[in-house]
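Student: I would like to learn how to read a protein model step by step. Could you take me through the features one at a time, giving the general idea before the particular case?

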Amino acid sequence: MIPTNTSGLRRYMEKDERIAVMQVFSDLCDQAKSVIGSSPYTHTELDFRPVAEKLSSGEPEDAWENLKVAVAHCGKCKLCSTRNHTVFGEGVIHPLVMVVGEGPGAEEDASGRPFVGRAGQYLDKWLASIGLSRETNVFIGNIVKCRPPENRVPEPDEIAACIPYVRKQIELLQPKLLLLSGSTAAHALLERVEGVGKLRNQTFDYHGIPTVVTYHPAGVLRNPEYRRPVWEDMKRIAQILGLPILGKS
């Protein structure tokens, strides 16, 4: 029986496609065996449905690990040719807050970890001001997983290649709130064109997840006048999540 709901139909189609692919692969193996060996070719009668079912409805942990592998070996855009490491992201599973920035910088590209330079230390300070930490209740990632040369803004084709990974991360992590740091993240995930100054005073809904936009910490380091708006944004996040305000960021 074919399911009638959208997500069920998608899983059904994925499972059906996997069955067909595994059947073709098995047939090719049988044909190769008949050519190399002396036994005649016979069509396999193996039932691949149980395997396809498991692949279609695997445990979330399996999906997360598979996503990590896909990102690590990604070659979907030109950034793969200049990277040292992909930067998948870092933090806890099912966090209170998922932070999404723009892309890795030089230190992140060298280490494979997100937000580890000055901007990252500043971000950690922001989070700590309302009881948040990548060690306990936050996951931190970026719109693109490879460093753009000279830390330039990611180009549209690079964002388009990487955004499915980010959307899948959000789907699997199911954070209580999304914090989009900078205009690149806000434009990519919210599909808006306004600047951060106009977006930051609103709470958006991303597939049922409250979403707040603020300035990128690297931008605040360059422009200290953004510090007060960021502090107001952090207090608003604390209010949404019912978190204590421990100190000014």
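Tutor: Let us begin with a term that we shall need throughout: a residue counts as buried when its relative accessible area is under 20%, as exposed when that area is over 50%, and as partly exposed in between. Please keep in mind that what you see is a predicted model. In this model Phe-139 has a relative accessible area of 2%, and therefore it is buried. Of the 249 residues of the protein, 43% count as buried.

Student: What does the secondary structure of the protein come to?

Tutor: The secondary structure consists of 10 helices and 6 strands. As for how the chain is brought together, among contacts between residues at least 6 apart in sequence, 69% join residues at least 24 apart.

Student: Which residues touch the most other members of the largest nonpolar core?

Tutor: In soluble globular proteins, nonpolar side chains tend to be buried together. Here the largest nonpolar core has 57 residues, and Val-100, Ile-143, Leu-189 and Met-234 touch the most other members. Helix H6, residues 156–173, gives the most to this core, with 9 residues. If we take Ile-143 and leave aside its neighbours within four places in sequence, its contacts include Val-100, Ile-159, Cys-162, Val-166 and Leu-189.

Student: How many disulfides does the structure hold?

Tutor: A disulfide is a covalent bond between the sulfur atoms of two cysteines. The structure holds 0 disulfides. Cys-146 is in no disulfide, and the nearest cysteine sulfur, that of Cys-77, is 6.2 Å away. For Cys-162 the closest cysteine sulfur is in Cys-74, at 6.1 Å, which is too far for a bond. Cys-146 is buried, with a relative accessible area of 8%, and Cys-162 is also buried, with a relative accessible area of 8%.

Student: Why is the pair of Trp-64 and Phe-139 called edge-to-face?

Tutor: To name a ring pair we look at the angle between the planes, since under 30 degrees counts as stacked and over 60 as edge-to-face. A search of the whole structure finds 4 aromatic pairs. The rings of Trp-64 and Phe-139 have their centres 5.6 Å apart and their planes at 80 degrees, so this pair is edge-to-face. The pair links distant parts of the chain, with Trp-64 in helix H3 and Phe-139 in strand S3, 75 residues apart. By contrast, Tyr-215 and Tyr-226 form a stacked pair, with 3.9 Å from centre to centre and 5 degrees between the planes. Tyr-215 lies in the loop between S6 and H9 and Tyr-226 in the loop between H9 and H10, so the pair ties together parts that are 11 residues apart in sequence.

Student: Is Tyr-226 buried or partly exposed?

Tutor: Tyr-226 is partly exposed, because its relative accessible area is 26%, whereas Tyr-215 is buried, with a relative accessible area of 15%.

Methods. Residues are numbered from 1 along each chain as its sequence is written. This is a predicted model: local features need pLDDT of at least 70, side-chain atom pairs count only at pLDDT 80 or more; totals for chains, interfaces and linings use all residues. Side-chain values use heavy atoms; hydrogens and water are left out. A nonpolar core is a set of buried Ala, Val, Leu, Ile, Met, Phe, Trp, Tyr and Cys residues joined through side-chain atoms within 4.5 Å. Buried means under 20% relative accessible area, exposed over 50%, partly exposed in between (1.4 Å probe, protein chains only). Helices (H or I, at least four residues) and strands (E, at least two) are DSSP runs, numbered from the N terminus. Contact means heavy atoms within 4.5 Å. A disulfide is a pair of cysteine sulfur atoms within 2.5 Å. Rings of Phe, Tyr and Trp (its six-membered ring) pair if their centres lie within 6.5 Å; planes under 30 degrees apart count as stacked, over 60 as edge-to-face and the rest as tilted.
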